[in-house]
Amino acid sequence: MKEVTLYTDGACKGNPGIGGWGAWLTFGAHEKRLCGGANDTTNNRMELQGAIEGLKALKEPCKVDLYTDSSYVQKGITEWLAGWKRKGWKTASKQPVKNQELWQELDALCQKHDVKWHWVKGHAGIEGNEIADQLANQGIEELRAQA
């Protein structure tokens with residue numbers, strides 16, 4: 001099984017507002033940089049989208065070390081998801097889970113790969129996180145350029 005390192009990030013100008021996501025994948029000497037954006041979105045949605053798009057880029061099941069500076073994404077997938085599913089996609093306070101369709105897509109992708117989740121401090125000079133952040137902002141700029 002290939003071992004891939006994936007750094008993901010999301011960014012938003014206004015929350016909600018115009019947003020971007022980035023994903024930087026490395027496998028040995030190979031790398032892939034991905035980014036995209038969305039109008040009228042939230043930072044959390046873009047953080048989720050970065051992880052989703054990074055995992056979707058993998059052509060076969062892989063062992064993935066996924067790094068995110070979003071505790072929302074990291075805790076959501078490792079701590080909260082099982083409870084949400086058990087409670088029919090309701091939170092502890094019986095409210096519908098926000099971004100349910102993105103969580104479901106991320107969960108399905110995680111079933112295809114062996115994903116190990118890591119939280120990293122954002123804007124702390126960690127190369128992979130800085131690249132993912134630049135890609136997320138590039139996603140915003142590319143979307144603005146199309147407008």
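## Basis of the values

The model is predicted, with local features requiring pLDDT of at least 70 and side-chain atom pairs counting only at pLDDT 80 or more, while totals for chains, interfaces and linings use all residues. Residues are numbered from 1 along each chain as its sequence is written, and side-chain values use heavy atoms, with hydrogens and water left out.

Strand β2 covers residues 17-27 (strands are DSSP runs of E with at least two residues, numbered from the N terminus), and 10 of its 11 residues are buried, meaning under 20% relative accessible area with a 1.4 Å probe and protein chains only.

Strand β1 (residues 2-14) runs antiparallel to β2 and is joined to it by 10 bridges, where pairing requires at least two DSSP bridges between two strands. A hairpin of 2 residues connects β1 to β2, and A11 has G20 in β2 as its bridge partner. Strand β3 (residues 30-41) is likewise antiparallel to β2, with 10 bridges between them; T26 stands opposite E31 in β3, and in the hairpin of β2 and β3, with 2 residues between the strands, G28 takes a positive phi near 60°.

## Helices α2 and α3

Helix α2 (residues 71-86) packs against helix α3 (residues 100-112) at an angle of about 95°, with the axes 11 Å apart; helices are DSSP runs of H or I with at least four residues, and axes are lines fitted to C-alpha atoms over the stretch in contact, with angles from 0 to 180 degrees between N-to-C directions. The two helices are therefore roughly perpendicular, a class that spans 65 to 115 degrees.

The contact (heavy atoms within 4.5 Å) involves Y72, V73, G76, I77, L81, W84 and K85 of α2 together with W103, L106, D107 and C110 of α3.

Methods: Parallel < 35°, antiparallel > 145°, perpendicular 65-115°, else oblique. Buried < 20%, exposed > 50% of the residue type's maximum accessible area, 1.4 Å probe, protein only.
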